[in-house]
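Hello,

Here is the structure I promised to pass on. Please open it first; my notes follow below.

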Amino acid sequence: MKNLAVVFAPICTLTINRPQALNALNQETLAELKAVIQECSERPDVKGIIITGAGEKAFVAGADIKELTQLSKADAFTLAQSGQQIFKMIEDCTKPVIAAINGFALGGGCELAMACHIRLASDNAKFGLPEVNLGILPGYGGTQRLAQLVGRGKALELAMTGDMISAQEAKEIGLVNQVTPGQAELLELAHKIMTKMLSKGPLAIASVIKSINMGYEFAKDGYRVESENFANLTTTKDFAEGTSAFIEKRTPNFKGE
Ligand code: CO8
């Protein structure tokens, strides 16, 4: 695979590997992610999955912004829906999935982490939904899952300010389960927690995942509305301004158009 490094084992480690773009999720990476999650779900030798990012700087810094600028409204809607579906596959995987967050988890990267069952972070990790800086909103289920994890008030604050928070703050608000003092300890802790879960009855673990997820099925309309809003926003002048400003490394000047 071009953008993922995968070690198939009882504890399968899946590393998003585009460090030159801070592991941003382009469409090719998403397609690879879908194929690997599917394979892990089906292979009897894989019992659990750890998702992490290559390098020391980023878990995933979001969707690939340069690629987003090329999308038509219809493409943006399709991509948002297909990303939501892939993240839902992760959330609904009946084998435990741990996100080992080794750096920036922004936008689509934070959304990917939130789709995993457990989030562990090294102390250098940073979390946020900075899409409003680009004139868009999170389109991979982030508006729904952030509110589920941290409550509506904090979710609104984070998604409307676009602020980044530290791993420690993320733990305090319930976005992250545990923080390790360094990156070396991160995968170690992920393996330790995964090993504990894999020592339990696999049918019981699968049932816990299904039962807890079932409680959130009501939010489906929210996912649809999110992807429609995402597609609509990609047609605005604000989106053109926000993405140009990112590429040109300057502050955007939004006009609400
Ligand atoms: N997409 C594409 N390229 C990226 C991204 C990204 N998300 N993030 C970083 N890069 C690239 C930079 O352009 C840069 O490339 P180059 O060297 O060619 O200029 C390289 O990675 C290194 O980045 P920086 O120089 O910016 O590194 P800094 O240490 O100065 O800053 C940050 C690190 C703060 C993480 C900064 O890179 C940043 O703000 N990145 C963007 C974060 C962001 O806005 N993420 C949200 C993206 S939108 C999104 O995720 C929407 C999800 C829903 C999609 C729905 C359906 C389509």
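Start with two helices. Leu 146, Ala 147 and Val 150 in H5 are in contact with Arg 152, Lys 154, Ala 155 and Leu 158 in H6. By class, the residues of this contact split into five nonpolar and two charged, with no polar ones. Bear in mind that this is a predicted model.

Now the geometry of that pair. H5 covers residues 142-150 and H6 covers residues 152-161. Their axes come within 7 Å and cross at roughly 135°. Angles over 145 degrees would count as roughly antiparallel, and 65 to 115 as roughly perpendicular. H5 is therefore oblique to H6. The crossing of the two helices is right-handed.

Next, the strands. Look at E7, residues 118-122. Five of its five residues are buried, so E7 is largely enclosed by the rest of the structure. Both of its faces are covered. One side carries Ile 118, Leu 120 and Ser 122; the other carries Arg 119 and Ala 121. Note that Arg 119 and Ser 122 are among the buried residues.

Which strands pair with E7? E5, residues 97-101, is joined to E7 by four bridges, and the two run parallel. E10, residues 178-180, also pairs with E7 in the parallel sense, over three bridges.

Ile 101 stands opposite Ala 121. Val 179 in E10 stands opposite Ala 121 as well.

Best wishes

Methods. Residues numbered from 1 in each chain as written. Predicted model: local features only at pLDDT ≥ 70, side-chain atom pairs only at ≥ 80, totals over all residues. Heavy atoms only, no water. Axes fitted to C-alpha atoms, helices over the stretch in contact; angles between N-to-C directions. Parallel < 35°, antiparallel > 145°, perpendicular 65-115°, else oblique. Left-handed = near helix turned anticlockwise from the far one by under 90°. Contact = heavy atoms within 4.5 Å. Nonpolar A, V, L, I, M, F, W, Y, C, P; charged D, E, K, R; others polar. Buried < 20%, exposed > 50% of the residue type's maximum accessible area, 1.4 Å probe, protein only. Pairing = 2+ DSSP bridges.
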